[in-house]
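Let's work through a few exercises together. Keep the sequence and the 3D view open, and try each task before you read its solution.

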Amino acid sequence: MLQMSLPRTGSGPALRGRIGAGFSPAPHRYHLYLRAGCRDSLRVRIALALLGLEGDVSTTTLTPDAPDHAGLRRAYEATRHHHTGSLTVPVLCDTWSGRVVSDHTPDILDDLALRLAGRPELSPSVPAAHADAVRALLDPAAPRAERSAALESVEQRLAAHPYALPGDRPTIADADLWVALRHPATAPAPAPAPGPRVRSYLRGLAAHPAFRLPA
């Protein structure tokens, strides 16, 4: 799975507890806080749907006009004594203890797939070319040439198979690529329009229930 390094909204280091290491993989134990308009939150929401976990993991979506939430702040305060910073999302919380498990998105995605869903095939390792292309599309400082090369790389790889990685079904790698293609970073010099295979790929995913989610 892609390990993207995107800006955090909190003030402290990431909290990196793991399901299976102090937190049991019990259904209905965990709650996710997400944010509307947040690309990492969209990745997590798509992953929940792909993994069939929407009935096992509850969610709260914060909105721009209400970026704080009493339950989320209590979870941070229970985890970090006297936490006074802003609240990071996405964040996975343990409803049994009332504490934050993790606010590190790659760990959350891994634990959802491997520990809660038991679906390692939907959270495969990704080749460097895929990770580099997604990062370039999400980086507002990436030069136009780099963003163009990223789109061309995706176009070429989609000629070989219908999804981000070889296989007959979308994986979490497609959640990453979908977000990068549909919600790329705003840059002074945007990359050219996607090619025909990328456009066909996006149309195909748009018909999949897991990807019919608002940003």
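**Exercises on a sheet and its helices**

**Exercise 1.** Which strands does helix H2 lie across, and at about what angle does H2 run to S6?

*Solution.* Start by finding H2 at residues 70-79 of this predicted model. Helix H2 lies across S3, S4, S5 and S6. Its direction makes an angle of about 85 degrees with S6.

**Exercise 2.** Find the order of the strands in the open sheet, and name the edge strands.

*Solution.* Step one: read across the four strands, and you get S4-S3-S5-S6, with mixed pairing. Step two: look for strands that pair on one side only, which are S4 (58-62) and S6 (99-102). Step three: follow the twist, which averages 35 degrees from one strand to the next.

**Exercise 3.** How do strands S3 and S5 run, and how many bridges join them?

*Solution.* Now locate S3 at residues 30-35 and S5 at residues 91-94. These two run antiparallel and are joined by four bridges. To see the pairing for yourself, pick out Leu32, which stands opposite Leu92 in S5.

**Exercise 4.** Which residues of H2 are buried, and where do they sit around the helix?

*Solution.* First, list the residues of H2 with under 20% relative accessible area: Gly71, Leu72, Ala75, Tyr76 and Thr79. Next, look down the axis of H2: these buried residues fall within an arc of 140 degrees, so they line one face of the helix. Finally, see what the buried residues of H2 pack against: S3, S4, S5 and S6.

**Exercise 5.** Is Asp107 buried or exposed, and which side chain does its own side chain meet in a polar contact?

*Solution.* Begin with the location: Asp107 lies in helix H3. Helix H3 covers residues 105-116 and lies across S3, S5 and S6, at about 145 degrees to S3. The relative accessible area of Asp107 is 4%, so Asp107 is buried. Its side chain makes a polar contact with the side chain of Arg18, at 3.4 Å. Leaving aside neighbours within four places in sequence, Asp107 is in contact with Arg16, Arg18 and Ser102.

**Exercise 6.** Is Pro209 buried or exposed?

*Solution.* Look in the segment after helix H7 (196-206), where Pro209 lies. Its relative accessible area is 58%, and exposed means over 50%, so Pro209 is exposed.

Notes. Residues numbered from 1 in each chain as written. Predicted model: local features only at pLDDT ≥ 70, side-chain atom pairs only at ≥ 80, totals over all residues. Heavy atoms only, no water. Pairing = 2+ DSSP bridges. Axes fitted to C-alpha atoms, helices over the stretch in contact; angles between N-to-C directions. Contact = heavy atoms within 4.5 Å. Buried < 20%, exposed > 50% of the residue type's maximum accessible area, 1.4 Å probe, protein only. Arc of directions from axis to C-beta. Polar contact = N/O pair within 3.5 Å; in protein donor to acceptor, adjacent residues only side chain to side chain.
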